[in-house]
Amino acid sequence: MCEYCNHLEIFTSFAYTHSISRFISQSLEELLYNSTSSHDLDRYKCPSCECLRKCKNTTSFGCMPRILIFHIMEVDMKIWFDEIFVINKAVLMNIGKKEEIKYRLYGIVNYYGNSVHGHYTAFVRYGEVWWSIDDLLMEKVACLLNKNIRPFMLFYEKIE
């Protein structure tokens, strides 16, 4: 919201994508809490008054999206994630909800390399089975825990 003219922009989507940089916490719970807290922006160009102004940036949810996508921007960053992601009470308070909300991991895109060149692989859950995909090779995976996972993107689906 523009602090000068009080212009408010609202965007809606069935999915929520959030990019993670190394300067933000390395757990998904803290990331989501930080992203739903209010942040000050110093040089925002307001589309209403068309001037560079201070504004407050807040992400809020009328209802939690069906799909959560986390994009890890740093190729050498380690991030902690679980197959079941429970939205914690602090985040729920930020978005005005009381009931526990759970998401289940259904896809991972991995990136191996640096900012110039590298290689992508993926893990995809189909039913209760995880599959590893690497170019033309696709094979069942018994357990993700002991795999060399370097997530570039994490895909979660809301558990109804």
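I shall speak about aromatic pairs, then charged residues, then a few individual residues.

Let me begin with the ground rules. This is a predicted model, in which local features need pLDDT of at least 70 and side-chain atom pairs count only at pLDDT 80 or more, while totals for chains, interfaces and linings use all residues. Residues are numbered from 1 along each chain as its sequence is written, and side-chain values use heavy atoms, with hydrogens and water left out.

I turn to the aromatic rings. Seven aromatic pairs are found in a search of the whole structure. To form a pair, rings of Phe, Tyr and Trp (its six-membered ring) must have centres within 6.5 Å; planes under 30 degrees apart are called stacked, over 60 edge-to-face, and the rest tilted. Consider phenylalanine 70 and tyrosine 156: their ring centres are 6.1 Å apart and their planes stand at 85°, so this pair is edge-to-face. Phenylalanine 70 belongs to strand S4 (residues 67–72) and tyrosine 156 to strand S10 (residues 151–158), so that the pair links distant parts of the chain, 86 residues apart. Strands here are DSSP runs of E with at least two residues, helices are runs of H or I with at least four, and both are numbered from the N terminus.

Are these two residues buried or exposed? Both phenylalanine 70 and tyrosine 156 are buried. Buried means under 20% relative accessible area, exposed means over 50%, and partly exposed lies in between, with a 1.4 Å probe and protein chains only. Phe70 and Tyr156 also form one aromatic cluster together with Phe85.

Strand S10 takes part in another pair. Tyrosine 111 and phenylalanine 152 have ring centres 6.1 Å apart and planes at 45°, so this pair is tilted. Because tyrosine 111 lies in strand S6 (residues 101–113) and phenylalanine 152 in strand S10, the pair ties together parts that are 41 residues apart in sequence. Tyrosine 111 is buried, at 11% relative accessible area, and phenylalanine 152 is buried as well, at 19%.

Next, the charged residues. How many salt bridges does a search of the whole structure find? It finds two, where a salt bridge is a side-chain nitrogen of Lys or Arg within 4 Å of a carboxyl oxygen of Asp or Glu. One joins arginine 66 to glutamate 157, with the closest N and O atoms 3.1 Å apart. Arginine 66 sits in the loop between strand S3 (52–57) and S4, and glutamate 157 in strand S10, so this bridge ties together parts 91 residues apart in sequence. Arginine 66 is partly exposed at 43%, and glutamate 157 is partly exposed at 30%.

The other salt bridge joins glutamate 128 to arginine 104, with the closest N and O atoms 2.7 Å apart. Here glutamate 128 is in the loop between S7 and S8 and arginine 104 is in strand S6, 24 residues apart. Glutamate 128 counts as exposed, at 62% relative accessibility.

Arginine 125 presents another picture. This residue is found in strand S7 (residues 118–126). Arginine 125 is buried yet has no salt bridge, and the nearest side chain of opposite charge, glutamate 83, is 4.4 Å away. For charge, Lys and Arg count as positive and Asp and Glu as negative, whereas His and the chain ends are not counted. What does the side chain of arginine 125 reach at 3.0 Å? It reaches the backbone oxygen of leucine 105, and at 3.1 Å the side chain of arginine 125 reaches the backbone oxygen of glycine 127. Leaving aside neighbours within four places in sequence, the residues in contact with arginine 125 (heavy atoms within 4.5 Å) are Glu83, Arg104, Leu105, Tyr106 and Trp130.

Finally, a few single residues. Tyrosine 44, in strand S2 (residues 39–45), counts as partly exposed at 21% relative accessibility.

Aspartate 135 has a positive phi of about 55° although it is not a glycine. Most residues other than glycine have a negative phi. Aspartate 135 lies in the loop between strand S8 (129–134) and strand S9 (137–141) and is exposed, with a relative accessible area of 62%.

As for disulfides, defined as pairs of cysteine sulfur atoms within 2.5 Å, the count comes to zero. Cysteine 5 is partly exposed at 29%, and cysteine 49 is partly exposed at 22%.

Thank you for your attention.

How values were computed:
A polar contact is a pair of N or O atoms within 3.5 Å; within protein, one must be able to donate a hydrogen and the other to accept it, and residues adjacent in sequence count only if both atoms are side-chain atoms.
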